[in-house]
Structure formats: C-alpha cells, structure tokens
Amino acid sequence: MELRLYDTLTKEKRVFTPIDPSNVRMYVCGPTVYDFAHIGNARPVIVFDVLFRLLRHLYGADHVTYVRNITDVDDKINDRAARDFPGLPLNEAIRKVTEKTADQFQADVAALGCLPPTHQPRATEFVLPRADGRTDMVTLIKQLIARGHAYEAGGEVLFDVQSMPDYGALSGRRLEEQKAGARVAVDAHKRNPADFVLWKLSSENEPGWDSPWGRGRPGWHIECSAMSAAYLGGPDGKDVFDIHGGGLDLIFPHHENEIAQSRCAHGTPTMANTWMHNGFLQVEGEKMSKSLGNFVTINELLNNWHGHGWPGEALRLNMLRTHYRQPIDWTLESLNETHKMLWSWCEHLDGVKSISAVPDVVLAALSDDLNTPQVVAELHGLHRTKRKAELSAALQFLGITSDRQRLGRKVSATVSIAGTSKVAFFGKAIDDELIEDFVARRTEARARKDFKESDRIRDELTAMGVVLKDGKDADGKPVTTWEIAR
Ligand code: AMP
Ligand code: ZN
C-alpha cells in the first residue's frame, strides 16, 4: 500500500519514499517541561504516534526510528524553578521542575495510548561534546562559524541569515519581505534583524555551560538540529532524514531556523524530506488561555473535566475524529459523543479476540495522509456489519483498547455531594441518589434564577449520560425527571 503524506515545504501530497527502508527516521519537537501539558500539546503527540504505528506496520517495527526531544533548558523553566523552589540552588531547582514535569508528561501521554518513541533525548545532555561522539550543540555552532554562517557579537553567537540564499523557504517568508516589514528596532549588534541566537551568555543566576564563547546557554532552535543529527544521521553519513513534525506554530521561526542551521552545518540541500504540521486545537470555540478560563490540561481531562475523569481512549479517539491538518474544536459535547460511540462499539467486543489482521480499508485511509476521520467512518462500518474481530484489531492498531473496564467514566469526588465521594461508571449502575442530588441542586439554582449554575449542572449530568426532562406537575409547579440516555 502506498503511503502519501502532505509536505509543508513543497505544499503537496506526495508518495512517501524512505531514504533507507531498513531505517525510516522521524523527528518530532517535544514538550518544554515547565508545567502540565495541555490538550493542545497532546495533539502532535497523538498524531505522530499514529504515524509511528503506521510506519512500523509498513516497514517493520525494528525499522523505524522515532525521536522526540524534551526541552529542559528554557527561560520559562528558570522562572518556574525560582518561583517554586526559592530556597534551593538554581540548578537543583531546575532539575526538580524538569524531572517532575517530564515524568508527568510521560504518564499523561501513556494514558492517551501513545507508544514511547525510540529515543527521547533531553536538550541539556546535548549542549557540550559527548563521550559517545553523538552530535552536540557546541560542535554544531563551531561548524557554523567555521563555514561562515554564524558570528559572535554583543555576548551572543548569531546565525547570519544572509549567508543562506534560500532562507525562509519553509514558511514562505523571504528575507526581503521581512526587512521591508520590519518595524522593530534592529538590535545594534545584529547584521540583519532576522539573525537569530545560537548561543547567549548567562548571568550568574542563570544556568550555563562553559563554551568557547564564555559561560552561556543555547538558543532554542539549535537543540533540535543537534538531537536530530545525533540520532538520525543517514547511512551515507549525510544528516538528512525522512520526516520532521510538530504543530504549525513551529513552522516559523523554529523549523525555519532548524533547517538553516542543519543544512548550513552539514552542507546538505535539505534537512528532512517531508515536513508535517498539525493544526491547532481550541476549546469550546475559543483559543485556549489561562485568562479565558478554558485552559485544560491532559491531567485534568483524565481526572476531572466537567465532573468526570475521561478515559484516555475516548480522548485519543476524539482527537482523531478531526484530520490532523484541520483546526479542532475541543468541546464537552463532542467528547461526550465520542465516548458514547466508543462505548457502543466496545459493548459488543467483550471476549472477542482481535486475531484478524488490520482491515485494508483502515490502512488505506491512514495511508492517505493520515485520514483519520475516514478511519472512524470505516470503524462505524465494521461495527454496523458486526465484523467484530476486525473492529477489535483496528482499534488495537490505533492504540485504543476495547476493554470496557477501562472505558468507564469516573464521577469525580469533587463534584459529588459533600461527604459522598461515589464513583459511578457510565453504562453501569449510575448511583440514583447522586443524580437525584444533582437534580435537586439544579432545581434550587433555577428557583433563584441562577441559570449559569443550572446549565452547568445539566451539562454535568449530560456528561454522565443522564437526560433531563423539565415539565410541570398537576398544580403547575415545575418538576424535572431524568433517565439514562440510550
Ligand atoms: P510547546 O511546549 O509550546 O513548544 O508545544 C509542544 C507542541 O505542542 C508543539 O508541537 C506545538 O506546536 C504543539 N501545540 C501547542 N499548542 C497547541 C494547540 N493549541 N493545538 C495544537 N498543537 C499545539
Ligand atoms: Zn524542534
């Protein structure tokens, strides 16, 4: 089966041909570890996990190398370390922040059904030359200076964008346009306003490494050029690999600058043959932000979002119902619907062994630039036609377990009535007493015209699979009845 992928650089969907089919190589930019990952961060992780699974299927599990880095040097990390561990020496505080956050990230994405990548290098381990000789940042920067692509000025080492004639090809931002449109004051030490930092000096209370340019720390982009070359160098000694991915906010400047660094340091015509970018996720129709109050972490979703801990399988499937290049609107309604859909599929799979091979229709849809909405349509078809073993195999292949024990929805203790932290499962006996209490609280809220609260409670009940009916009794008094949604 031919795999076709959309490439951001050439703006076309092309047949994917690996440089070396015995070692297909993919790099995806990973998290900056200073805080819980949000559900937007989960999107590239899930999307490229599906691609990883497909590549392993097509080329063999031992013939795919997937690298996803961990960014553990960043000024946001320094700020967080100083805030959270004010009594500790900075380096120790930074280590605590990054280790805790990285562990949390691994646990979160494992709950979303993602396989661990082949390598997950941490940036701080690739700053200085290494005992094992794998590519490091300081050596790359030295190469860029030696080849005339970088210069030292004003306490920084900068990449000289004018030394690269086709700088800007990925994002379509040519240098002339950038100059014409540049309103920002040019930093006096830069030859060109678009020149970007490879290395900068650190003050005493910033993390730093001793380098030929003084004690300092790397710029953001150089770490990915180093870690991709460290693990994905080709058999011909050329540092070109197959697929590079991330969210579309990374196209400029991050990926543009990775390309500039890698190509100029290695003297190659390209960094990766296919550039893939996932679209953005928003929540309930709005950009996710702390100030709007709609910022939602993976961890919250797994433990308590709108009154429930949602199974990772439902979160994963909900993400895959939208094509990866489209924007996705993450809503309670769609998640609810996805969860019910998955539940209804799995209701019939108890005891079914997925002996059957992954159905061709599923592989064909995935091979068409990861057309996961089409995959979901095919899963519906398998369910409708009772092809249980195939449905089970397809779900397993997508990283979704069909075990109903795991698909229940936890009613969170925080929304239940004081003193009763009951746990009910969707599809099983939902606690009548608990629901009755929700309904009573909603009736009270309606009586005092607090419709925001009454709507919120109704949403929580909807999320539990409970449907409300508002009516009037014989005396015209409002009454609410409920039933479990079928
Ligand atoms: P960051 O930690 O911000 O560098 O992001 C890690 C990854 O998550 C990158 O690939 C980003 O492009 C991606 N990402 C961040 N926010 C969103 C979002 N709202 N929707 C989709 N992807 C996102
Ligand atoms: Zn990167």
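Pro-253 lies in helix 7, residues 251-266; helices here are DSSP runs of H or I with at least four residues, strands are runs of E with at least two, and both are numbered from the N terminus. A cis peptide bond joins Phe-252 and Pro-253, with omega about 0 degrees. This is a predicted model, where local features need pLDDT of at least 70, side-chain atom pairs count only at pLDDT 80 or more, and totals for chains, interfaces and linings use all residues. Residues are numbered from 1 along each chain as its sequence is written, chains are lettered from A and ligands numbered from 1 in the order written, and side-chain values use heavy atoms, with hydrogens and water left out.

Another backbone point. Lys-11, in the loop between strand 1 (4-7) and strand 2, is not a glycine, yet has a positive phi of about 55 degrees. Most residues other than glycine have a negative phi, and most peptide bonds are trans.

Now the ligand. What surrounds ligand 1? A shell of 13 residues, the closest being Gly-40, Asn-41, Gly-247, Asp-249 and Leu-281; a residue counts if one of its heavy atoms lies within 4 Å. Helix 1 (39-59) and strand 9 (241-247) each supply at least two of the shell residues, and helix 1 gives the most, with three.

Polar contacts next, meaning pairs of N or O atoms within 3.5 Å. A polar side-chain atom of Asp-249 is 2.4 Å from an oxygen atom of ligand 1. For a polar backbone atom of Gly-247, the distance to a ligand 1 oxygen is 3.1 Å. In the side chain of Asn-41, an N or O atom lies 3.3 Å from an oxygen of the ligand. Of the 490 Å² of accessible area that ligand 1 has on its own, the protein covers 84%, by the Shrake-Rupley method with a 1.4 Å probe.

Last, the rings. Rings of Phe, Tyr and Trp (its six-membered ring) pair if their centres lie within 6.5 Å; planes under 30 degrees apart are stacked, over 60 edge-to-face, and the rest tilted. That rule gives six aromatic pairs. Phe-16 and Tyr-59 have ring centres 6.4 Å apart and planes at 75 degrees, so this pair is edge-to-face. Phe-16 is in the loop between strand 2 (12-15) and strand 3 (24-28) and Tyr-59 in helix 1, so the pair ties together parts 43 residues apart in sequence.

How values were computed:
A polar contact is a pair of N or O atoms within 3.5 Å; within protein, one must be able to donate a hydrogen and the other to accept it, and residues adjacent in sequence count only if both atoms are side-chain atoms.
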